Amino acid sequence: MVVWIGLVAITGLEVFLAYMELRPTVMLSVLVVLSVVKAGLIMSYFMHLKFERFQLVLWLIPATIFCIFMMLIIFFWDSLRLLQMRPQ
Amino acid sequence: MHDTKTDAALSSPWSGGTAPFAMGSKKLGMWLFIVSDTLTFSALLITYSYSRLANPDWPRPFPINPAIIFSTTMTVVLLASSLTMVMAVMAAQRGDRKRTVLWMVATMAGGLIFTGLHLREWLNLITKEGFTPWSSPEGSPLFGATFFGITGLHMTHVMIGVFYLGIVATGFGRGKFSAEDVEVNGLYWHFVDLVWMFVFPMIYLMSVKY
């Protein structure tokens, strides 16, 4: 229940950030970090990952992060390059 | 037949009878599905973020009032349905069949409300604002492609989840399914919620109209 209130609070914080008119890059980074926090809360408490064997976490999470990182390696540098090429 | 070699093979972890990570095979299977589905969604979201950052003329069709308030309501509905699912799993582990089915029906209602609100928003975007999956009234047409693609795939997951909940709730009510089946169903539902926790900020809050 406490976790759930925390999740709603983070959602509220994200909506509040939408009012702040941040630059898209800053906004995207902040939102991704907050979402990863929320995903961690959901997985560890709602999905009981915290109460399973730790070995399972060691199997699942690094493999997933590795695969996502492989996708990012292809796209990320190019998107940064495009950002610098963009007319200011 | 029962020489020492076969005995050794049968006593190995690969011969069956042992549970990896001390969990049932259904639960492990659901975790593996969740990992693969995570990669599907992250591929879509990375594509989206890339186009979002690379296009200065990205459309911003979501004013704070009503669109952001509307989609925040959707988020809270989905989060609430996650909470009722936690309740269902707890009731199932206590062996309380009636409560479990009630909480699961509440979860299904949450999923249905979410889908209904979402479809209303889609209709509004298509008929009133003129967005389609391949074009947009102003700015990059990639908005429609990524928006309808990602939220559509997520909505498909929600609807499949509603059917899945219905089947497991009926079966559990009749005593055909165990508490573990309810828990595995919960894993799926929480995952759908988790995906929305990425979709909502990255798609809606990145396209607020000022």
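The structure is a predicted model, in which local features need pLDDT of at least 70 and side-chain atom pairs count only at pLDDT 80 or more, while totals for chains, interfaces and linings use all residues. Residues are numbered from 1 along each chain as its sequence is written, and chains are lettered from A and ligands numbered from 1 in the order in which they are written. Chain A has 3 helices and 0 strands, whereas chain B has 6 helices and 2 strands; helices (H or I, at least four residues) and strands (E, at least two) are DSSP runs, numbered from the N terminus.

**Chain make-up**

- The elements of chain A run α-α-α from the N terminus on, and those of chain B follow the pattern α-α-β-α-α-α-α-β along the sequence.
- Of the 88 residues in chain A, 16% are buried, and of the 210 residues in chain B, 40% are buried; a residue is buried if 20 or more other C-beta atoms lie within 10 Å of its own, exposed if 12 or fewer, and partly exposed in between, with C-beta atoms placed from the backbone.
- Among contacts in chain B between residues at least 6 apart in sequence, 76% join residues at least 24 apart, where two residues are in contact if their C-beta atoms, placed from the backbone, lie within 7 Å.

**Helix pair in chain A**

- Helix α1(A) (residues 2–18) and helix α2(A) (residues 24–46) pack at an angle of about 170°, with their axes 10 Å apart; axes are lines fitted to C-alpha atoms, for helices over the stretch in contact, and angles run from 0 to 180 degrees between N-to-C directions.
- The two helices α1(A) and α2(A) are therefore roughly antiparallel to each other, a label given to angles over 145 degrees.
- By class, the contact of α1(A) with α2(A) has 12 nonpolar, 1 polar and 2 charged residues; Ala, Val, Leu, Ile, Met, Phe, Trp, Tyr, Cys and Pro count as nonpolar, Asp, Glu, Lys and Arg as charged, and the others, Gly among them, as polar.

**Contact between the chains**

- The contact takes 37 residues from chain B and 39 residues from chain A.
- On the side of chain B that touches chain A, the largest share, 12 residues, comes from α2(B), and by class this side has 28 nonpolar, 7 polar and 2 charged residues.

**Core and the helices around it**

- The largest nonpolar core has 64 residues, and those with the most contacts inside it are Ala88(B), Val199(B), Met202(B) and Ile203(B); such a core is a set of buried Ala, Val, Leu, Ile, Met, Phe, Trp, Tyr and Cys residues joined through C-beta atoms within 7 Å.
- Helix α6(B) gives the most to this core, with 17 residues, and 23 of the 26 residues of α6(B) are buried, so this helix is largely enclosed by the rest of the structure.
- Helix α6(B) (residues 179–204) reaches 37 Å from its first C-alpha to its last, close to the 38 Å expected; the expected span is 1.5 Å times one less than the number of residues.
- Not counting residues up to four places away in sequence, Ala88(B) touches Thr100(B), Trp103(B), Met104(B), Thr107(B), Val182(B) and Gly186(B).
- Among the buried residues of α4(B) are Thr100(B), Trp103(B), Met104(B) and Thr107(B), and what covers the buried residues of α4(B) includes α3, α5 and α6 of chain B.
- Just after α4(B), Gly130(B) takes a positive phi of about 80°.

Key
Parallel < 35°, antiparallel > 145°, perpendicular 65-115°, else oblique.
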